[in-house]
Amino acid sequence: MKKITKGNIVFIILAFVFLSIYFIPKKEVAEREDENYVVNPRLLTNLDSLKIAVPKTNNNLSMLEKSETDVSLLSRLVNPSLFYKDKSNNVKKEIAKDYWYENEGKTIAITLRDDFEFGNGKKLTTKNILNTYKVLADPSFNGNEFTLLENLEGYYPYKVKLTKVFEGVEVLGDYYIKFHFKTANLSNINALLYPILNIDDDDYKYNEVYKIDRNKILDGAGTYSVSHYNEKSVKLELKNIPKNRDIRVKNIEIFSLNYIEAIEKFKKGELDILHKYARTENLDSYMDERLFQFAKTIDNQSYNYHYIGFHKNSKIFNDERNRLGLRNSIDIKKMVESNIGKDIYTFPNIPVYENSWFNKQGVEFNNTEKLEEILSKKYKKQGKYFIDDKNKDLDIRLVYSKDDIFFKRILDDFIKSIEDNGVKVKAQSLSTKDMYKAISGKLDYDIYVSQRKMSEVPEYKYEENYKEVEGYTITSIMEDGFLYLLEKIKTNTDDPFIVQISDRWKQSFEKTVPYVVLSTQNVTSIINNRIEGIYLNEFVGLDNIENLKNIKFEE
């Protein structure tokens, strides 16, 4: 028998290893050309917890302090409201069991459900609702200027200390209440979206809101309870009650952070979501390709929009054709993108959220005639500018706020676009006080640039100084009764009658152009890919019950 040498043994072992490597099935690994590929840093986490960053503003996690947002995310998660909005901007009942309109639409009557309880076991009743709204109207309340509340009967007398009786809310029993408004208004029901707080009659006195125990109002009747709270962070736990059984998110931590802090923590895997941060070129620079390997964004429009307003006595812009021509002569998208950046602003034709039922069909203007073409039919040019009947350059005065950072960045291009159409521009920046005087007609100007809040339904007055369109609202072009319209909207915003009314409004806006909408800043939410099922827009946040039920966690 041939002797097996040491060399043979080594050869046999090497051959065995080679065959094993060759024949044993290998796990497929996707090749990646990108050397900067990163693994999702948030995968190895609990599958029932969310960590969320919100913009850092003054007291933005408090429910009764001044904040730059309409209602804090925290408040919505801890406290229920009479109504809420779904992603299509339809009003849904929460505490409300049923509601109807009375007094030709000026009164909203509501019956309540009786299954909402605070953490101390007390039932939520109409007294809590009354006290919540009395706090919002109180002279010492330092929260947001809740403009929709101002249409409630008796709001101003109560706010300015003329009376201690708030007439706008009438309690008719523990579960029956009425809200009385000064005018019938399509947006009145939006005043009833505010979270209802745990406030009893003896918790504070008139003009002494500051004495309310902040710890008590954290004891809400909503979806989550508060387990930890300070100005920088909050921890929430899902209440173990039957109506919460379909919600997967058991724990939520909310952190108040500026966008740089938030993105850095997000990249390190310390956060799941950055909730509704304003888009800026600085924010965009932090959202690099590596981030989008494990995250996605959802954009929507912010609360305010920039616009051009006109003086009723302007020698040029008292004519709606010239207002129309000015609108067509300003390429606001090009101005903003060249001076500020792309995807930071959107450019709506009317001041209505793109997700509003009023804006479902969108708005396209047909008239494209520019200012120079229109003016050439009446004036002659001498050099760069048209001349008036006194042989002087045709000029206008533009005023704007010295604090308007957005407009100052596009100012030069804005002036150039008007002067390229043959009109000389004299621009002046004003203080906030003088700007208010100008818009009120107490200072001389032709046009001004300012901001207003975006809306869901454009039914307020466009410009009180503008007589030909004063009171020009959606209701002024209706032939049917206002109560009829309210009931139609309540049941079906896709009704042909509703579509017809909105179309007629848009056509009238195109003809009169009482002001020109420029732009609104985008708001973005950044979401880790391990989180699915979230829908965010102008009306829906993470606090929305649909989101809380639809959220899924991917391992």
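User: Where is the place of E104?
Analyst: This is a predicted model, with residues numbered from 1 along each chain as its sequence is written. Local features need pLDDT of at least 70 and side-chain atom pairs count only at 80 or more, while totals for chains, interfaces and linings use all residues, and side-chain values use heavy atoms, leaving out hydrogens and water. Helices (H or I, at least four residues) and strands (E, at least two) are DSSP runs numbered from the N terminus. In those terms, the place of E104 is in the loop between β4 and β5.

User: Is E104 buried or exposed?
Analyst: Buried means under 20% relative accessible area, exposed over 50%, and partly exposed in between, using a 1.4 Å probe and protein chains only. The relative accessible area of E104 is 62%, so E104 is exposed.

User: What is the phi of E104?
Analyst: Most residues other than glycine have a negative phi. E104 is a residue other than glycine, yet has a positive phi, near 55°.

User: What is the phi of N207?
Analyst: N207 is found in the loop between β7 and α5 (214–217). At 26% relative accessibility, N207 counts as partly exposed. Here too a residue other than glycine has a positive value, with phi near 70°.

User: How many helices and strands does the protein have?
Analyst: Let's step back to the whole chain for a moment. Of its 555 residues, 49% count as buried. The secondary structure comes to 15 helices and 22 strands.

User: Which residues touch the most other members of the largest nonpolar core?
Analyst: In soluble globular proteins, nonpolar side chains tend to be buried together. A nonpolar core is a set of buried Ala, Val, Leu, Ile, Met, Phe, Trp, Tyr and Cys residues joined through side-chain atoms within 4.5 Å. Of the 59 residues in the largest one, those touching the most other members are L82, F83, I110, I129, Y133, F179 and L192.

User: Which element gives the largest share of this core?
Analyst: The elements giving two or more residues to this core are β4 (96–102), β5 (107–112), α3 (126–137), α4 (155–159), β7 (176–180), α13 (482–491) and α14 (496–512). The largest share, six residues, comes from α3.

User: From which domains does this core draw at least three residues each?
Analyst: Domain bounds here come from an automatic or database domain assignment. With those bounds, the core draws at least three residues from each of domain 2 (80–221) and domain 3 (300–522).

User: Which residues does L82 touch, not counting those up to four places away in sequence?
Analyst: Contact means heavy atoms within 4.5 Å. Not counting residues up to four places away in sequence, L82 touches K92, K93, E94, I95, A96, I110, L112, I129, F179 and L192.

User: At what angle do the axes of α8 and α14 cross?
Analyst: Two packed helices are described by the angle between their axes and the distance between the axes. Axes are lines fitted to C-alpha atoms, for helices over the stretch in contact, and angles run from 0 to 180 degrees between N-to-C directions. The axes of α8 (residues 320–329) and α14 come within 7 Å and cross at roughly 95°.

User: Is α8 roughly parallel or perpendicular to α14?
Analyst: Angles under 35 degrees count as roughly parallel, over 145 as roughly antiparallel, 65 to 115 as roughly perpendicular and the rest as oblique. The crossing angle of roughly 95° therefore makes α8, relative to α14, roughly perpendicular.

User: How many residues of the contact of α8 with α14 are charged?
Analyst: E320, R323, L324 and R327 in α8 meet E510, K511 and T512 in α14. Asp, Glu, Lys and Arg count as charged; Ala, Val, Leu, Ile, Met, Phe, Trp, Tyr, Cys and Pro as nonpolar; and the others, Gly among them, as polar. The residues of this contact divide into one nonpolar, one polar and, for charged, five.

User: How far apart in space are S502 and F358, C-alpha to C-alpha?
Analyst: S502 is found in helix α14. With a relative accessible area of 5%, S502 is buried. S502 and F358 are 144 residues apart in sequence, and their C-alpha to C-alpha separation is 6.1 Å.

User: Which residues is D395 in contact with, leaving aside neighbours within four places in sequence?
Analyst: D395 is in strand β17 (residues 395–401). Its relative accessible area is 17%, so D395 is buried. Leaving aside neighbours within four places in sequence, D395 is in contact with K315, I316, V423, K424, K426 and D446.
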